[in-house]
Amino acid sequence: MKLLEHFVIRQGREVYYYDTVREFCHEDFAKRLRSMIEEEKAKSGKKGVVFLCIGTDRSTGDSLGPLIGYKLHGERLSHMQILGTLEKPVHAMNLEEYQNILQSMYQNHVVIAVDASVGSLDHVGFVTLGRGPLKPGLGVCKELKAVGDLFITGIVGSCSAYDPLMLQSIRLSVVMRLADCISESIFLVDKFLNETTFV
């Protein structure tokens, strides 16, 4: 097991954990993400990639998805589409609408759902990566429809108390560190895909 990565079996799925305070975390995360995207494309025959960044800018702890969408949208990504930004967030009230958009416009895309999550206290500040759909809203006891072929979460707080108000008191520095790591990893994946396209 690497110092920068470990995995657990959660609900029958492998979930990889990355500690964002460690050096080169985003590079190791990018390698695993690229590998999982390529495996999913080979399995499903899909050609494109779309990131669905879930959350709201009205809550610090739940702003991770829109922050990542904002960072990614500001760059010229060659091989990836972005849904969910600070300006146009994807959240509980419009998630079903965006799931319909994915069905109608992105059927040929691997969907990667990105969201904030809660976890054990010693995993706060970690990024997780796994296969299968993400169920948004579990950390605040909301029942929303699962979405995605792959998922990325940033653990922003502890799950010891399922209190929606807890997300309001999350340190912005934790959210920004997670957003930076995930965004930089996605930039690396896009750059790699761009370079290999023309080899």
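Modeller: Happy to. The chain exposes about 10400 Å², and carbon and sulfur atoms supply 52% of that area. Please keep in mind that this is a predicted model.

Colleague: What makes up the chain, and in what pattern along the sequence?

Modeller: There are 4 helices and 7 strands. Read along the sequence, they follow the pattern β-β-α-β-α-β-α-β-β-β-α. Of the 199 residues, 50% are buried. Among contacts with a separation of 6 or more, 69% are between residues 24 or more positions apart.

Colleague: Why is L95 called buried?

Modeller: Buried means under 20% relative accessible area. L95 has 3%, so L95 counts as buried. The place of L95 is in helix 3. Not counting residues up to four places away in sequence, L95 touches L52, I54, V90, P136, L144 and K145. The C-alpha atoms of L95 and K145 are 8.3 Å apart, although 50 residues separate the two along the chain.

Colleague: How do you know which side of helix 3 the buried residues are on?

Modeller: The buried residues of helix 3, which runs over residues 95–105, are L95, Y98, Q99 and L102. They cover an arc of only 105° around the axis, so they lie on the same side of helix 3. As background, an α-helix has 3.6 residues a turn, so residues three or four places apart point the same way. Strand 3 (48–53), strand 4 (80–83) and strand 5 (109–119) are included in what covers these buried residues. On the face turned away from the buried side sit the exposed residues E96, Q103, S104 and M105.

Colleague: And H79, is that one buried, exposed or partly exposed?

Modeller: The relative accessible area of H79 is 26%. Buried would need under 20% and exposed over 50%, so H79 is called partly exposed. H79 belongs to the loop between helix 2 (64–73) and strand 4. In space, H79 and K191 are 8.8 Å apart from C-alpha to C-alpha, while in sequence they are 112 residues apart.

Colleague: What makes you say that helix 2 is mostly covered?

Modeller: Of its 10 residues, 7 are buried. Those in helix 2 are L64, G65, P66, L67, I68, G69 and L72.

Colleague: How do you know that the length of helix 1 agrees with what a helix should span?

Modeller: Helix 1 (residues 25–44) has 20 residues, and at 1.5 Å a residue these should span 28 Å. The end C-alpha atoms are 28 Å apart, so the two values agree. Just after helix 1, G45 takes a positive phi of about 75°.

Colleague: Which residues of helix 1 are buried?

Modeller: C25, D28, F29, A30, L33, M36, I37 and E40.

Colleague: What makes E40 count as buried?

Modeller: With a relative accessible area of 8%, E40 is under the 20% cut-off, so E40 is buried. Beyond residues up to four places away in sequence, E40 touches G45, V110, D149 and L150. E40 and H109 are 69 residues apart in sequence, and their C-alpha atoms are 9.9 Å apart in space.

Colleague: T20 sits in a loop. Why is T20 called buried?

Modeller: T20 has 11% relative accessibility, so T20 counts as buried. The loop in question lies between strand 2 (13–19) and helix 1. Setting aside neighbours within four places in sequence, T20 is in contact with C25, G125, V127, R177, L178 and C181.

Colleague: What makes the T20 and R177 pair a polar contact?

Modeller: Their side chains meet at 2.9 Å, and the cut-off for N or O atoms is within 3.5 Å.

Colleague: Which residues touch the most other members of the largest nonpolar core?

Modeller: L33, F51, I112 and I152 do, in a core of 37 residues. Helix 4 (residues 172–197) supplies the largest share of this core, 9 residues. A second, separate core has 19 residues, including V90, Y106, A113 and F126. In general, nonpolar side chains tend to be buried together in soluble globular proteins.

Colleague: What is I152 in contact with?

Modeller: Leaving aside neighbours within four places in sequence, the contacts of I152 include F29, L33, F51, I112 and I182.

Methods
Residues are numbered from 1 along each chain as its sequence is written. This is a predicted model: local features need pLDDT of at least 70, side-chain atom pairs count only at pLDDT 80 or more; totals for chains, interfaces and linings use all residues. Side-chain values use heavy atoms; hydrogens and water are left out. Buried means under 20% relative accessible area, exposed over 50%, partly exposed in between (1.4 Å probe, protein chains only). Helices (H or I, at least four residues) and strands (E, at least two) are DSSP runs, numbered from the N terminus. The arc is that of the directions from the helix axis to the C-beta atoms. Contact means heavy atoms within 4.5 Å. A nonpolar core is a set of buried Ala, Val, Leu, Ile, Met, Phe, Trp, Tyr and Cys residues joined through side-chain atoms within 4.5 Å. The expected span of a helix is 1.5 Å times one less than its number of residues. Accessible areas come from the Shrake-Rupley method with a 1.4 Å probe; for residues, only the protein chains shown count as cover. A polar contact is a pair of N or O atoms within 3.5 Å; within protein, one must be able to donate a hydrogen and the other to accept it, and residues adjacent in sequence count only if both atoms are side-chain atoms.
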